Amino acid sequence: QVQLVESGGGSVQAGGSLRLSCAASGGAFSSYAVGWFRQAPGKEREVVAQITWNGVTTYYADSAKGRFTISRDNAKNTVYLQMNSLKPEDTAVYYCARGASRWPGEYDYWGQGTQVTVAS
């Protein structure tokens, strides 16, 4: 059973930066894609960024392009989301999830989430 634990959330001013981490344990991780998602109050969960199993290919939501960077360190079973130039509309609970295959698609294991709050 894979367990995912997010960390690095917090409160920042608009224009600030945060780096989220997603640490995996208890099962295979390095051979699977990983995604970062977020859910704001009253809104549906949306994908933010995704990365293939080897870190070669990344995908971003339009809202994240140019500001967020997803990366992974398979030796540490950890995936990161560097978030720069944060905006109040980035406020949400951020979740990481392990994909069901090497490439982004369906996701079968989810973390508990970490809160990101961006003040204007």
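Predicted model: local features only at pLDDT ≥ 70, side-chain atom pairs only at ≥ 80, totals over all residues.
Local features were taken only at pLDDT of at least 70 and side-chain atom pairs only at pLDDT 80 or more, while totals for chains, interfaces and linings use all residues. Residues are numbered from 1 along each chain as its sequence is written, and side-chain values use heavy atoms, with hydrogens and water left out.

Strands are DSSP runs (E, at least two residues) numbered from the N terminus, and two strands pair if DSSP finds at least two bridges between them. Four strands form an open sheet in the order S1-S3-S8-S7, with antiparallel pairing. Its edges are strand S1 (3-7) and strand S7 (68-73), each of which pairs on one side only. Neighbouring strands of this sheet are turned by 15° against each other on average, direction ignored; the axes are lines fitted to C-alpha atoms, and angles run from 0 to 180 degrees between N-to-C directions. Five bridges connect S1 with strand S3 (residues 18-25) in the antiparallel sense, and Ser-7 stands opposite Ser-21 in S3.

A nonpolar core is a set of buried Ala, Val, Leu, Ile, Met, Phe, Trp, Tyr and Cys residues joined through side-chain atoms within 4.5 Å. Buried means under 20% relative accessible area, exposed over 50% and partly exposed in between (1.4 Å probe, protein chains only). The largest such core has 26 residues, and Trp-36, Phe-68 and Tyr-94 are among those with the most contacts inside it. S3 gives the most to this core, with four residues. Contacts of Tyr-94 (heavy atoms within 4.5 Å), not counting residues up to four places away in sequence, include Trp-36, Val-48, Phe-68, Leu-81, Met-83 and Thr-114.

One disulfide (cysteine sulfur atoms within 2.5 Å) was found in the whole structure. Cys-22 is joined to Cys-96 with an S to S distance of 2.1 Å. The pair links strand S3 to strand S9, 74 residues apart. The torsion about the S-S bond is about 70°, so the disulfide is right-handed. Cys-22 counts as buried because its relative accessibility is 0%, and Cys-96 is likewise buried at 0%.

Thr-114 lies in strand S11 (residues 114-119) and, at 11% relative accessibility, counts as buried. A polar atom of the Thr-114 side chain lies 3.3 Å from the backbone nitrogen of Gly-9. Residues touching Thr-114, not counting those up to four places away in sequence, include Ser-7, Gly-8, Gly-9, Leu-20 and Tyr-94.

How values were computed: Polar contact = N/O pair within 3.5 Å; in protein donor to acceptor, adjacent residues only side chain to side chain.
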